[in-house]
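My notes follow in the order I checked things.

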Amino acid sequence: MQREPLIVFPAVLRDVPIGRLLSVAGHLVDQRWGRYLAEHHGLTPAGMRVLFTLNHLDDATHRDVADRCFVRPATLTGIVDTLERDGFVERRRDDADRRSVRLALTDKGREHIRSLVDRMRTDTPLTSVDADPARREVIRDFLIEVITTMSDGEDKRLTTQHQETTDHPRPGSHPC
């Protein structure tokens, strides 16, 4: 079944303010990414964020993962229940504090992270516009400026180093 385009007449979009276009485009990309995660990895975007967080922390408390993913511990419980059921993570009691639960990736979770990182690094153009290297750089510059301007310089997730390739990542070195 082929989908109809959101708007049949792209000329209508020429009068829409850029901020609105950016918002709609982001929403559509998020939806497509969510479908890809579900169909090919059995994950939700929230589940993927937890896996990436654990990949960079090795093993962490439930509360620490919740904090780093900007969700409440109770919200994280449901996400982790699903990830544990599907074999991506495991829960363990902390040896030092039996009241504390620690989370860690399983081999299956690590395999999915590698697959997702490979997919993200393919840099396949989304459109014909970003297939052109010069135009791609203009788009990249614009998006980086929007992100940094909208964050008011206060979002710590924008200032951390991405370390997918290191063997020993720093705790908190990757954003959720």
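**Sheet first**

I began with strand 1 and strand 3, which run antiparallel and are joined by three bridges. For the record, helices (H or I, at least four residues) and strands (E, at least two) are DSSP runs numbered from the N terminus, and two strands pair if DSSP finds at least two bridges between them. This is a predicted model, where local features need pLDDT of at least 70, side-chain atom pairs count only at pLDDT 80 or more, and totals for chains, interfaces and linings use all residues. Residues are numbered from 1 along each chain as its sequence is written, and side-chain values use heavy atoms, with hydrogens and water left out.

Next I looked at strand 2 and strand 3 (residues 101-105), which pair in the antiparallel sense over five bridges. Put together, this is an open sheet of three strands in the order 1-3-2, with antiparallel pairing. Strand 1 (59-61) and strand 2 (89-93) are at the edges with a single partner strand each, so one side of each has no neighbour in the sheet. From one strand to the next the twist averages 30°. My angles run from 0 to 180 degrees between N-to-C directions, and axes are lines fitted to C-alpha atoms, for helices over the stretch in contact.

**Around R102**

Which residue is the bridge partner of T61 in strand 3? I found R102 there. R92 also stands opposite R102. T61 and R92 are 31 residues apart in sequence, yet their C-alpha atoms are 9.3 Å apart in space. Leaving out residues up to four places away in sequence, T61 touches S100, V101 and R102; contact means heavy atoms within 4.5 Å. I also noted E90, which stands opposite A104 in strand 3.

Helix 4 packs on the sheet, where it touches strand 2 and strand 3, and its direction makes about 115° with that of strand 2.

**Helix 2 and its two partners**

The axes of helix 2 (residues 45-57) and helix 4 (residues 73-85) come within 10 Å and cross at roughly 85°. A46, G47, V50 and L51 in helix 2 meet L76, I79 and L83 in helix 4. That contact divides into six nonpolar residues, one polar and no charged. Here Ala, Val, Leu, Ile, Met, Phe, Trp, Tyr, Cys and Pro count as nonpolar, Asp, Glu, Lys and Arg as charged, and the others, Gly among them, as polar.

With helix 5 (residues 107-120), the axes come within 11 Å and cross at roughly 105°. Helix 2 and helix 5 are therefore roughly perpendicular too. M48, L51, F52 and N55 in helix 2 meet I113, L116, V117 and M120 in helix 5.

**Helix 6**

Last check: the 18 residues of helix 6 (residues 133-150) should span 26 Å at 1.5 Å a residue, and the end C-alpha atoms are 25 Å apart, which agrees. The expected span is 1.5 Å times one less than the number of residues. Just after helix 6, D152 takes a positive phi of about 55°.

Key
Angles under 35 degrees count as roughly parallel, over 145 as roughly antiparallel, 65 to 115 as roughly perpendicular and the rest as oblique.
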